[in-house]
Amino acid sequence: MSIKIQRIQANESGPFSPSERTRAHIEVPSSVGFSDLANSNVVFRMQMQITNGENNSGPGGSKTDASNLLPAVIAQPHLNLAGVSDNSEPVRIGGAQALIRDARASSSLYGQMSEMRDQNVIHANLDHFTEYWSCHANKEAYNGGGAMPTQYPANPSTIVDTPFLRPVRPTAINAAVAVNSQLVECEVRCPMKHLDAMAESEGASQFPNIAIGDMTYRINLEDVRPVVAIAVQEDAFDDFVNLTPVSNKVGDATTPLKYKYSDANSAGDLTGDILDVNFKGNLPWYVGMPVIVEYQDAGLGGPGSENNEVRTISSLNVNGGVCEIVFDHPMATNNNAADAITAIKLTPYVATAGDAQGSTNAATVSYRINDIFLELHTLNLSPQQTDAASKALSNLSINYLEHRLVKKVLNSTGDYAETLHVDAGCSNIAVFTPQNNGLVSGYDKAREYRWSVDGNYMTNRGIRVGPDTSSTGAGVGNQVHKHFLQKYFGNLGRQLLSFEDVYDDHSQALLNEAMETDNHNMYPLVMPMLGSDVIVNFQLRCDGANTMNTKEIYYLMSFPRALNFENGRLNK
């Protein structure tokens, strides 16, 4: 047996975007025989479209747009407790999967096989728990997504890996580079499970298309929730050498800014070749990067009028232990050229309306998909293997999991309760509570939940939830909650590999937005397998006078299902 990879184009042509075409259909003929759905992908050939505000930093004070060469990723902008987002603070949502809101798989012989509504919300939260923390950032970089601040790669550059930006940095000592970086069109992949529930079944690696008939996959792209963000940590870098300007200018080829890229040697200076050969990945700058330049001009007795100016890096050179930075146009200094330029700071620049740099418009990011196609892994079988596979179809069962989603509204309250009618055979229920227009669930100050089935409570008390710790060391004893998370995923046949993760870091105070939102929290229940319909009650409470915001609340119910084949035909 060998694997053949076929690319099947969508019926519709691009471009696709929230403001253009949002639906696509992909048809897979039964003649492919057997396919490996577990390793197949939906591929989006796409690009990012970025604007970076308007500012007064052009030569002579003229208005100009700042450089748009910024790293953008498929991610949810971080939402605070008021539901307001900042497009430069990405939250991990599974990368390219977030582009697909709804998906449906239909057979020409048997009709609808599976349907997933708001699947990007479901998988943005569920998939968080089935990957190790150390894998999150690397996995996201592969499919166009971005990690959260708690999981950024541990290097000084602070530039998140993204396939949509090709940064240009020096590759050798004393070899200046001045070629601009580029925003590029690239292909990002979304696993087939986000299109077809069968892709997570036991038989997904040898799926019998020949017995199912022609398949049609319908994709509805996300057109309401924001799913792209600019991934820049806007931290100031201040490790610069003090300068004496030449010709009353700083930031040009004669007086470049000198970033202390390496530690001083034993003599206490920065001379000599003391750089690591792998310096490329640690350099926080690239050609074309927009930055805010701050410095003090000694001739003016303090911060000069040129402070807080936006510039674009036009050249980089690593030489003598420093990185020499030249801008698209230099900054004028005080007339006394001998005055020292000190307290130099550089900050990556992402515009906000009315900021100190004179921007009248905030930075924006959107995406444009030029092509959608299915990268289907098909099995090339020998005659003997084909005969054996055909015989297996005479008595074959493929188990899979069907998800049903119910959406309700949680009005602002500190004590919420909801009753659900659940069909017979439900094995699991999970609840997600993202902020309005968000994908990633969060506590939102909730601290206790409890389930009951047909009036019988599943626990003898409320189950505590919340961040593990805070700057004061006071946390929430959520061991029972973590126990039920393990039971939930174990009942789905999966392994729990991560717990919730706060958005920013654990040094924040309890009830701070970085602790309360965008942490992939969920409220699980393992159902008793009953042969009749039941009434389930869910209660969610805050402590004291705290309240949760008004938002949608998602109830995900899971049902074990099976495809049964008899005499080579599906018996649904």
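1. A salt bridge is taken here as a side-chain nitrogen of Lys or Arg lying within 4 Å of a carboxyl oxygen of Asp or Glu. The model is predicted, with local features requiring pLDDT of at least 70 and side-chain atom pairs counted only at pLDDT 80 or more, while totals for chains, interfaces and linings use all residues. Side-chain values rest on heavy atoms, with hydrogens and water left out, and residues are numbered from 1 along each chain as its sequence is written.

2. By that criterion, K551 forms a salt bridge with D444, and the closest N and O atoms are 2.3 Å apart. This pair links distant parts of the chain, since K551 belongs to strand β32 (residues 551-566) and D444 to the loop between β26 (428-432) and β27 (446-453), 107 residues apart; strands here are DSSP runs of E with at least two residues, numbered from the N terminus. Both K551 and D444 are buried, where buried means under 20% relative accessible area, exposed over 50%, and partly exposed in between (1.4 Å probe, protein chains only).

3. R464 and E448 also meet through their side chains in a salt bridge, at 3.8 Å from N to O. The pair again links distant parts of the chain, with R464 in strand β29 (residues 463-464) and E448 in strand β27, 16 residues apart. R464 is partly exposed at a relative accessible area of 29%, and E448 is partly exposed at 24%.

4. Salt bridges with shared partners join R7, R45, E187, R189, D371 and E375 into one network. Across the whole structure, the search finds 26 salt bridges.

Notes:
Helix = DSSP H or I, 4+ residues; strand = E, 2+ residues; numbered from the N terminus.
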